[in-house]
Structures are given as C-alpha cells and as structure tokens.
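Dear colleague,

Please find below the structure that I am handing over to you. My findings follow directly after it.

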Number of protein chains: 4
Amino acid sequence: MKIGVVGFGYWGPNLVRNFQSAPSVEGVVCYDASDKRLAIAKQKFPGLEVAKTYEELLARKDVEAIAIATPVSTHYPLGMKALQAGKHLLLEKPMAESVEQCRQLIEVAEKNKLVLMVDHTFVYTGAVRKIKELVENGRLGEIMYFDSVRVNLGLFQHDTNVVWDLAPHDLSIMDYIIGLEPTGVSAIGSTHFSDKEDVAYISVRYANQLLAHFHVNWMSPVKVRKILIGGSKLMVVYDDMEPSEKIRVYDKGVDIKERESIYKVLVEYRTGDMWAPKIDLNEALSLMVKDFAEAIKSGRRPTTDGRSGMKVVKILEAAQASLRQNGAMISLVP
Amino acid sequence: MKIGVVGFGYWGPNLVRNFQSAPSVEGVVCYDASDKRLAIAKQKFPGLEVAKTYEELLARKDVEAIAIATPVSTHYPLGMKALQAGKHLLLEKPMAESVEQCRQLIEVAEKNKLVLMVDHTFVYTGAVRKIKELVENGRLGEIMYFDSVRVNLGLFQHDTNVVWDLAPHDLSIMDYIIGLEPTGVSAIGSTHFSDKEDVAYISVRYANQLLAHFHVNWMSPVKVRKILIGGSKLMVVYDDMEPSEKIRVYDKGVDIKERESIYKVLVEYRTGDMWAPKIDLNEALSLMVKDFAEAIKSGRRPTTDGRSGMKVVKILEAAQASLRQNGAMISLVP
Amino acid sequence: MKIGVVGFGYWGPNLVRNFQSAPSVEGVVCYDASDKRLAIAKQKFPGLEVAKTYEELLARKDVEAIAIATPVSTHYPLGMKALQAGKHLLLEKPMAESVEQCRQLIEVAEKNKLVLMVDHTFVYTGAVRKIKELVENGRLGEIMYFDSVRVNLGLFQHDTNVVWDLAPHDLSIMDYIIGLEPTGVSAIGSTHFSDKEDVAYISVRYANQLLAHFHVNWMSPVKVRKILIGGSKLMVVYDDMEPSEKIRVYDKGVDIKERESIYKVLVEYRTGDMWAPKIDLNEALSLMVKDFAEAIKSGRRPTTDGRSGMKVVKILEAAQASLRQNGAMISLVP
Amino acid sequence: MKIGVVGFGYWGPNLVRNFQSAPSVEGVVCYDASDKRLAIAKQKFPGLEVAKTYEELLARKDVEAIAIATPVSTHYPLGMKALQAGKHLLLEKPMAESVEQCRQLIEVAEKNKLVLMVDHTFVYTGAVRKIKELVENGRLGEIMYFDSVRVNLGLFQHDTNVVWDLAPHDLSIMDYIIGLEPTGVSAIGSTHFSDKEDVAYISVRYANQLLAHFHVNWMSPVKVRKILIGGSKLMVVYDDMEPSEKIRVYDKGVDIKERESIYKVLVEYRTGDMWAPKIDLNEALSLMVKDFAEAIKSGRRPTTDGRSGMKVVKILEAAQASLRQNGAMISLVP
C-alpha cells in the first residue's frame, strides 16, 4: 500500500515522515499545488515520489489512501474526490467547514466501504489515552467539569479564527474522554487585528450538570496547554507543557455528608495523595498513522473516524453561530 | 476615633487586628450575635471592647465608624442602620445583594456626608497597584483582554454561589485597573451538590473590543489565582500564588505590518524581555484600613468607595440573571 | 507543669505560643536579659508570667522545664545551670558550640534523670516523618545519596557562619532519616563580607558508598529548600517551598542487568509513576513541644534527644575544622 | 572546503547536519569504524560522502578540516594524526584524557598554523553569551560564587565517570564567563554500580574568595540544569530546562552599611526587580560550526580554542586526582 499526501506545508512533512516509517506502508506519493514546495519535499525526503496534479495522484492504482493536509476550505472538495476515486481518506483537523460537508463525506465513505479518518493527533497521546483509561475503569467517577486552556502568542491565521484553529484539539480530546452528546454550545470572542476572533471562550453543555469550557487565545504572552477534569472521585490536571509528568491525578474532592434538602447540604473535603502515572511517550502521530493503516487493512473503524470528526465540527459550527449572536446558547438537541 | 467591628467569623479577626494597629484608631469595639464568638474575640485580642447588642454599639458616641463582616444578606440592613446612626461605614465584599441596595446606601451616605467604603482588599495589594501604574502611565497600551482564574477546593458556601463568593475579588481588580463602564455580562455555571453553582464562567464586554473573562470554581484540585492582561504594548501575568514575583510583564505582542483591509492583515510578533517589577509586600488590609481612616479624617473618597462597590454588584447581579437564562448576554447599557 | 522560656528574640515567641497551647502545660514563665523584650512578651501573650533574672526562673518550684532560645554561645552555660537546678531542658539548635559541651550536658541530664532535648523542628514535619516511614518500611531500598540545598538571601548572622546557621536543619533531617554513623566530613566555603563563611558546601561520608552533601548559602537570589534522596528502589524529592505537595516519590532507578565485573556493567533504567503522598500539615513545632512534654511525663526519650543533637554538632565541628583546612576530610571514626 | 566528520554515534549526526548547512562548507565526508553506522549515515544524509578508512579521509586534499566525535580515549591519537596531516581540527568535549595530551595537540596545531577547537557547545548558546555580556560590561559586579547543578537519570557511561561526562559543559561555561585561572580543585564522589563515580561534587577555588561548585549526578529522578551566579551587583539564575526564559537576573544583594572591623559588619539587603532578558534561541551548534569555519578562513582563534579546552581538562584531571584522595584540595598554581 502506498499513501498519497496532499499539501506539503506546516503539517504535511510530519505526515510524510510518519507514513514513510509505518510498517505496512510501502511508499508515499506527495502532491502540492506549489512546485517549489514539491521540490523541497523531494530534497528533504529521499525516496519520496511526487505527483504533478491531484488527478494524477488519484489515478494511481498503487495509491490506496489519501491524506489531506491543506487549508480546511479545501478538505471537502479534495476529500470527496478521493473517496469517489475509491481511496481511503485521512483529513487534517478540523474535518471540514460544516456538518453538512462532514455528513456527505461520511455517507460516501460508508457507501464505498472506505476508511474515513480525521487526524485528531492528541487523542493518540499517551496522556489522553491514560485519562481515557481512568475514566473508563470508573476511577474518576462521574465527570463534573472539563476545563481547557490553550493559549500562546500566534500563529495568526488569515482564513480562520482562533476557535477553528485551536479548539479542535481540545474538543476532540473532550469527545474522546467524555463520549456523550453535548446539548448546547455558547461562545464569546473578540477581534483586534482583523475580522477574525483572536481570543474566545466556548462553553459546552451536556444533559447532566457536566459543563465543558475552552479558552483559546492567539495573544497570550505565555504558552499554556492545560486541561482540568473534575470527577466525583478523582480529579485530573493534564499539563501538556510539562516535559514528563503531563498528568497529575488528585485524590481530592467533595463528599456529601448530609443532605437535608437541595438547599441545605453539608459537604466534607477529601484530600489524599496525588500521583503522576507513567505515560507512553511514543509519538502520537505515528500511532495515528498506524491506526489508519490498520483500519484500512482490517476494515475496522479507526478511533478518530469520520463521526468523531463530525462531532467536533458540529460544536465548531455551533460556536461560530453563537459568536455571531453574542454568546447565545445554541442547542444541539435535534 | 473608635471603630465598631460587626461579625467575628472568618474575616472579622483580620479587621480587628488591623484596626487595632492603625495609627489613627484609638480602640475597637466588637459585636457578634454569638456570645461564644464574642468571648473568643476578647480572649484573642486583649484590650478589645465588646457590645452586647448592635444597638448598643451604634449608640456609642466614641464609635465613629462601623465595619461589617457578616454574611452578605445582612449588609444592607446593618449598614443602613449604621449610616442612619451617623456612622461611617465599611462593608465587606460584596457590598450588598443588589444594585438597588447599593444605590440606597450610597444615597444615605452622601446625604449624611459619611464615608462609605467596600473592603475590596486586593485593590490595595502591591501587585494590583503596580499593574494600575503600568496601565495609567500608558506602558501597557490599550487593553485587549483581561482573563482571570480563581479556583480551588472549597470553601462551599451555603447562602451563596461561587460567583458571588469568588468573583468580587477579580471584578474589583478589573474595575480598578480598567476603569471603564462594561456594556454586557454573560455567565454560565453548573451545580453539583446543591442548587448553588460551584463552577462558573463570566464574560464581561466593554464598548470597544475589550473582553474580560472570569473562571471561578470551588472544586478544583489545584489552587490557581491568576490574571492575564493583554495590552497592545505589553502583557502582564499576575500570579498571586507566587511568593515574591507576583507580576511578570512581557514585552510581547503583535504588530500590524501591513493592513490591506480588515480581511487581509499581515502581523509580526514581537518578543522582548520579561521583567518582574519589585512590588510592595505590605499587607493590603492594613493599607485598606488606613485609607478608610484617612477618608474619614479628611473627607475625601476612599479608593474602593460605594460607587466602585456598586459597580461590582452590578456585574454580579447581571451574571446571576444570565446564569438563570443559560448564558444570555445581559446588557448593562441604560 | 510550667515551662520557663529563656530568650524572647526570633524563635522565643514561637515557643511561648506553642507551650501555652500544649495540653499538659499549665503556664509559661519567660525570661529575657532585655527588659524591653520582656515587656513586649507580656503585651503579646496575655497570661504570660515573667522572671526578672535567670536565677529567679530556676528557683521557681512550679517550673519543671526550661526551653532555651538564645544565641548558641550561651546554650551550654544556661543549659548546664538548668540541669543542675533539676530542670528538664530543651535547647534550640544547634545544641551547643562543641561536642564536648554536648557530652557534658548529656552526662548531667542522665545522672539527674532529666529529659534533654534539642529543637530540631524539621524532624517533626509531616514531610520528614513521611520520608522516614518510606525508608523504615524498606520502600526506598538502600540509600545511595542525600543531597540538600538550603539557600536564600540573608539573614547574615554576626556570631556564626552559614554552616552553623543553616546546616543543622538538614543535618538533623539526615540523621533522623538515615540513622547511621557518618565516617568523615569535609567542607569548603567562602567569605565575602566578614570573616564568617556566607556560602559553603559540606560532604558527609558513611561506611558504605552513601554520600551526603549540603549546600548552604546566605547570598542566593532565590530561596531553595530542597532535598534529593536516591534510594535503590525509589527516589524522593522533598521541596519545602511547595505549599502542599512537599514530597514527590519517583519510581525511578537503575537496575543492573548484567555484571561481568566491576568494570563492565550493563544497566537498565526504570521509570514508573511519581506520587506525592498526602502529608500531615500540622505545625511541627507543636508536635515537638508535645514530644518534650510527654517525654517529661513518661520518662521516655524524645525523638530529637541530646544524643541526636550531639551527632549534629559532631558534624558541624568537623565541618568547621575542614573549612580551616581547605576542605580536608575529617575522620569521624574513633 | 570540505569537512571530515569522524564518528557517527550520538553526536556525529548533529555535526554532519550542521556542517552540511554551514554556508562556507562545500561538503561533508564521514568516517566511522562501523560499516553499519556508515550505511545509516548515508541513508540519513543524502549527499554525504563516506571514507572507508581514517587514512583515506586524511589523504583527501579537498578535506581541509576534521571533526572528531568519538570516545575521549581516541581524541588524542586521531586528532594528532589529523593535525600532522595538515588538517584543521575540531574535537568533541572533553578535549583529551590529560593536560599533557592537550598541550601536545596545541603545540602541533600552532606549529602547523592550524585551527584547533573544542566543541564546548554551551558556550555558543544565547543564554551563556548573554551572561558573559552582563559580566563583561560590569553589570554583575564582582563574581562571588558560581554554583552549577547538572543531574538526571542516566546515561551511564562505561568508559568514564560522571565528572568527565557531565562537568565539561559547566566547566567550559564557567571558564568562558569568569575567565580567570583557578587555583585549586577538590572533588568528592561515590560509586554504586561499577568503579566509576555516578555522583560527584567538584569545588574550584580562585585567588580571591570566588568559589565555584559543581554537582553532577547520573542517578537523579529529576532533570536539573541550573547555574546560580552571585555577583556583588546582580545575581543570575540560568535554568536550561526553562523553554524560553532561561536567564533570570535579580537586582538583589547585600550591601555593607557599616564595617567596624572584619568581625563586625552591618549589612543591608537589596531586593529590586527581576528580569529575563530576551536571548538568542539560534542553535548553538550551528554558531559553533560557523565559528570553526570562520576561524579556518580568517586565521583568527575560535572562542573555544585548544587553550580553553585544555583549561577544562586541567580541572578534570585535578578533580580526578582529588577523587582518588578523598577530596583533598589539588593545587593548580604552578
């Protein structure tokens, strides 16, 4: 199996490198609209094949799958062509510009029995998989809140705002860990240099009292990548800037001692040990690439499949609508 | 001049201690509804006088001013009686339960030419005054955002939610530093143990694109007290958990290099030195107490006067309304 | 039982406060050579008795024990008088100026069946007791090294150097945790403002390859209080500047995979979880005071008795000798 | 000019990469005793030439300079051959196994008018150059102490101890910043797995009261790379683990207020702002490589020339002697 990688910009080189060293991948064929970038690609990756047009790439029989690392506005047209040409498809995040585009891509992929995957790389990190494990085996208890901060200086994007740029990472982590269907989204933002929001806050509600919140900011003097998860039994701080102890699990919480009524509750604080479980530090991207390759081989769904990609876009779309309505809560309940 | 301190619970002892060592204060007279607490007060503070009833306290001629450190629901009735008895008045934060209560207190104080002050202690910290100085002398440039996080485990309050409990600190800091009139407030929260929100997010909008945001949480495994301020020239991180370098000023930002239109802007990142200015580490409470005493003496307004206290309550009241409307933006424009 | 506290300077007030609230102590009688300080003591602690001379204090029948918080040069003469007057004795750290002084104090105390204790407060902290527990139950394995850093700006002492001022804390912690007899001491220092060392490094050797090392410095721009302990099974970082998670235990180490000879060893690294055990945050001083009172009552030895105090002085004395000999190793083996 | 790189192990690939992108270098020819490693080198670096023997490499006319990245025991024989063949020479740190070897290499290089350089990469970091600048323009004042900690878990070396492995980095930084001739060295260490020290402490004395100290440890659960420099005017903390603010400069210190005699000094503490100057984050290795190339071209000395490499080996040699004599001070004064 060979993989076609489309787009050799910021992320493309990482895909090429990982596909080249994936066991079941025999070769990588790269396409980029810019000849200059294609030349750079060939120089940087000896053994890399290139295609002169997207059509040429799709026409190749030995290329079974296409990975698309181009601006989001092109995900749908390029992806749809790939699926229609019978290629398995990996899309960079976010999956597409709208839920409707996602829906159509999923439909065609299912009809043609093709793997459709979105590269939500963070879901494949050892840190996120460890949190998922703690949630799944019930150790965290019921999740009460999910609070995420992803801020730093730059990189300003011209074709998108900070919500579509940064939030997909944390929304995909949240979706993977929580696994429930959100009921509503609200977002507030502010613009300072163009008509695109450079700072924004997104709230996501679930049917129970679980509240998720996301702070994304392109103008912070300090780089923060931190998620706080409050479970009824344990609480987790996931700090991606920590070099090794990325996850800290706190045996802390509030226990209800006496509850006369909803108006009168006596709580007790519980504070025990903290521990930082050892986490797998393998490159997440190589695991994602492996999941894609194995899904193609075996026919099973990859972890971050089209449906999980669409769930992220659904929240982004609602957040965008809320931004335009000054923070109004947008219902996600059909 | 003697000061009457009402309420010897969590904060009262701090007021007694600071008033006792204030230069212009001759003595402190304490009143608490609980005889047991009054007895503790006398034991802890030798030389402290006590009053058996609030009326007895107000009737004393030598008591010129009253400081009230009781639950917020009693601020208005107790405070109004003090003003009507001709006493200068210091109220703990938040000032009262509603803007209307604040308005009436201000009216009576002004009519009777009495000092009316709210104990927004943080405004008197060296850290906050240093930030104010940087803003006032223009070094920060135009403020683009103000982001505050105040989270920890407990203390759950029975008569109030996390917004009324924790946000007054940061709202008063914001009001002091920014000084403008907010135009709208929205708040989203969640309840897990009673009918009071234990986690909440508040957004405050201003006429320009300045956006302020507050994260308050009673259920965080880690204690965070951090404010991020993005100015067009400098950016500030104020971390109150740092023992000495509470403020870090970053010469970082985004400069517009070329602006063809609002849709096409070329920005350039600027990263220079960071510095932590030396800040006054005197106890803020003693400065607040001094400001109160001097305001009484000289007839000038204290920094955190009734009007600034009312501005905080105005935002709290709007946040409460927004919480009930699932985050709808509540306009503050008349 | 009443306790006589001698010296109301930096540490004396802490002793008075803790003795006053100790259950088995009926009263505290204070003596200080300065009338002014005695007056401050009376004002600060209502109910405190005072003695006009040290002799008056020793003559009191109701005073069963004496606690001495004066400069180290006076520990021996004042302490000896107390023991000779039949009083139990608590000495501030370091116990005395020389091993010989310590020996004599121990001798008299044992002869008169009096409790002799040294206030090595850190030994009573929850953090140090937790480490001791991990060592005692074998979880750390064999200790390979003990590395301590205690540096900050000031307070310069006039009558002593940085070794005698700061190292007693860490030497007492080491002695408590390791419990073995050191075999040699070497120390190197430097003087910049007077003839007293303001920065110094002390090495302590044990019979096996266990090496302890202490960095003490009065001129550091940052305050560090950190101990690293390398066990063959677990490793510990004790950071006393951390507000809550003072101890971190690392499941990290080196395992010998193959050992052909001492010249050819194949090692393997082991890295597992880190955890921060919950530690008792009760004030260490109150536990020390309690240990003293209970030792008097029951006749048992307190944890930091005269012998443990003498072991610390033995190292200090050897370190001082080594400083004078430019770091020569001073043997402690008889 | 082409460069011959000898040794394609841990560090060799970094040299190849940097030489390949250095402006004045036309090509890189690699030699490694292992054919397997040479094959890897060719695969990894397209365009790389290889030599089958060291003699073949030295015989090439187009190769003007040799960079040696092999175990330290081979530096002298390989390096001497290169110099004798008329090649400029870059040696990895430490320069050689003894001062005598260094002396001979310097002699031959000078006689043959060849550049002789040692790759003390840290000297080329923005952080170290910034500290040097602060020292040179007198802002730090007189340096009182230099304290370095470089500890982590592994990598155990079979042919050397932790002193020869880790200390060269910090010794070269110290030599570059301080620039004086040390007068004595003492070192204490401990062995736990083989006959090589895995933890050690090195003290370096200078003619005045300047004291330098180095803690190196292969068995620390946490990775620390920190240097503390106490100047009479400013103090510096250089933390290489910090992602961006690697240097913090503290306006802190001790001022002598009154000095009656060396026995009676009244000091005053000075605490002002802290600042983190922006530092150049360019890869140090590329600057080192550039310095080497320019030194060859222009005939000037590189910053880390043979003499500075020999000064580091002089201290290592003395430290080794001191280790064998249980910490005895080894004089460096002729």
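The model is a predicted one.

Turning to chains A and B, 42 residues of chain A are in contact with 42 residues of chain B. On the side of chain A that touches chain B, the elements giving two or more residues are β7 (143–153), β8 (184–190), β9 (199–205), β10 (211–217), β11 (219–231), β12 (235–239), β13 (247–261) and β14 (264–276) of chain A. The largest share, six residues, is that of β11(A). By class, this side of chain A comprises 25 nonpolar, 14 polar and three charged residues.

Within chain B, helix α4 (residues 75–84) packs with helix α5 (residues 99–111) at an angle of about 10°, and their axes are 9 Å apart. Because angles under 35 degrees count as roughly parallel, α4(B) and α5(B) are roughly parallel to each other. From α4(B), the contact involves Tyr76(B), Gly79(B), Met80(B), Leu83(B) and Gln84(B), while α5(B) contributes Gln101(B), Leu105(B), Val108(B) and Ala109(B). Six of the residues in this contact are nonpolar, three are polar and none is charged.

Yours sincerely

Note on methods:
Residues numbered from 1 in each chain as written. Chains lettered and ligands numbered in written order. Predicted model: local features only at pLDDT ≥ 70, side-chain atom pairs only at ≥ 80, totals over all residues. Contact = placed C-beta atoms within 7 Å. Helix = DSSP H or I, 4+ residues; strand = E, 2+ residues; numbered from the N terminus. Nonpolar A, V, L, I, M, F, W, Y, C, P; charged D, E, K, R; others polar. Axes fitted to C-alpha atoms, helices over the stretch in contact; angles between N-to-C directions. Parallel < 35°, antiparallel > 145°, perpendicular 65-115°, else oblique.
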